[in-house]
Amino acid sequence: MRILDRYLLRNFIEPFLMCFFGFIAIWLIFDLSDNGQDFIEAHASLKQVTKFYLTQLPQIILISLPVGLLLALLFSLSRMSRSNEIISMLTAGRSVVRILTPLFIVGIILSVVLLALNYELAPHAEGVKKVALEQITKGEKKAGERDTVEGYLFRDRQNHRTWFVQKFRANSPELVGVHITQQDEHGTITRKWYSARATFNAKNKKWILTRGMSVDFDKEGNITDTDTFTGPVDYRDVTGWTETPWRIASSHLEPQNLSIPELDQYLHFNDDFPEEFLAPYRTYRDYRWALPWSCLVVVFIAAPLGIVFSRRGVLAGVASSIFIFFGMIFITNLCLALGKGDRIPAVAAAWIPNAFFGAIGLVLLFFRATNRDFPRFGFKRRK
């Protein structure tokens with residue numbers, strides 16, 4: 001790394017850290033103003049409050065990082081422009097693209113960081129927020145009651161099994177009051193299981209049914225065999241089933257709260273669902289991959305607009321960057337809504353904003369690199 005690159009990064013990193021941590025501090029203050037009184041009334045410990053906010057941190061970083069990056073780029077580059085440092089670099093034989101190369105690398109690194117957070121941690125943050133807050137303010141028992149699902153029906157179309165669960169909790173390996181019906185490919189019932197509890201062992205992929213019975217049927221619907229296990233230590237092991245507690249509960253979960261592996265698993269096991277039903281899950285899966293690269297898009301937009309050679313140009317560049325950034329947020333939400341409604345393909349809904357505004361950034365970079373004025377759009381005044 002050359003001295004010029006280190007100097008540019010040093011001028012950028014300081015305002016970036018201030019903007020980034022400033023946004024996190026503002027979020028923390030506003031959230032504490034909403035939930036602080038509840039924490040005090042519940043006599044929550046510092047450990048509980050800290051754990052609660054650490055679970056929310058990945059989602060906040062995902063939101064704050066692009067905004068902090070935008071403001072830091074505008075501030076650092078416009079300050080260097082006003083002091084004629086950018087002009088000095090250009091007259092020394094460095095091109096605009098070469099000057100901005102370290103910032104492009106920063107954009108790639110930050111995009112990879114957001115991709116790691118958005119892979120699993122950030123999607124779960126919003127899903128566990130309400131549960132974690134209720135565990136602090138109302139206690140784990142009442143929070144668990146709110147998280148309990150009753151009278152749940154699940155159909156495994158690949159294996160022709162239907163599950164009716166009387167009661168279960170999300171993220172729990174145990175189901176209460178289970179009635180399982182096995183059918184053949186023609187829809188004929190071949191076997192039924194009744195169990196007071198069904199527990200899944202994740203290590204050996206085995207279901208343990210306790211205090212129940214199983215009934216076998218022939219093609220005419222007559223009972224051919226019955227197996228009863230009602231003793232306190234009597235149980236039955238069932239292997240070879242692809243169902244897991246998470247898969248059974250997955251249709252009860254919202255797509256925006258699922259991670260990339262969970263969305264892939266959901267789409268794999270439920271690929272026979274109607275396309276309009278799967279559209280939100282496909283859209284969010286592709287959106288998880290596309291969203292982090294908005295950091296790189298921000299660099300392409302803000303960097304050429306941040307390099308200006310007059311005070312008027314500074315104000316215009318800042319205003320244009322902020323306008324484009326909020327336009328990017330609007331287009332992203334619009335495409336996301338269209339993808340969830342199956343109006344456009346999921347891949348298009350996820351990547352159109354990055355492609356469109358990335359192209360705008362490349363055009364702006366081309367005009368700045370060739371020392372041309374940016375195109376102006378407006379109505380000409382009549383003389």
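Just after helix 2, Asn 84 adopts a positive phi of about 65°. This is a predicted model, in which local features need pLDDT of at least 70 and side-chain atom pairs count only at pLDDT 80 or more, while totals for chains, interfaces and linings use all residues. Residues are numbered from 1 along each chain as its sequence is written, and side-chain values use heavy atoms, with hydrogens and water left out. Helices are DSSP runs of H or I with at least four residues, numbered from the N terminus.

Let us stay with helix 2, residues 46–82. Its 37 residues place the end C-alpha atoms only 46 Å apart, short of the 54 Å that a straight helix would reach at 1.5 Å a residue; the expected span is 1.5 Å times one less than the number of residues. Where is the kink in helix 2? A kink of about 40° lies at Leu 57, shortly before the proline Pro 58. The bend at a residue is the angle between axes fitted to the seven residues ending there and the seven starting there.

Pro 58 also takes part in a contact with helix 4. The axes of helix 2 and helix 4 (residues 96–119) come within 10 Å and cross at roughly 170°. Axes here are lines fitted to C-alpha atoms over the stretch in contact, and angles run from 0 to 180 degrees between N-to-C directions. The two helices are therefore roughly antiparallel, a term for angles over 145 degrees, whereas those under 35 count as roughly parallel. Contact means heavy atoms within 4.5 Å; on the helix 2 side the residues include Leu 62 and Leu 69, and on the helix 4 side Leu 103 and Leu 110. By class, this contact has 13 nonpolar residues, 1 polar and no charged. Ala, Val, Leu, Ile, Met, Phe, Trp, Tyr, Cys and Pro count as nonpolar, Asp, Glu, Lys and Arg as charged, and the others, Gly among them, as polar.

Next, helix 12. Helix 9 (residues 275–290) packs against helix 12 (residues 346–369) at about 30°, with the axes 7 Å apart, and the pair is therefore roughly parallel. Among the residues that meet are Trp 289 in helix 9 and Trp 351 in helix 12. That contact divides into 8 nonpolar, 2 polar and 2 charged residues.

Helix 10 (residues 294–306) also crosses helix 12 at roughly 30°, their axes coming within 8 Å. Helix 10 is therefore roughly parallel to helix 12. Thank you.

Terms used. Angles under 35 degrees count as roughly parallel, over 145 as roughly antiparallel, 65 to 115 as roughly perpendicular and the rest as oblique.
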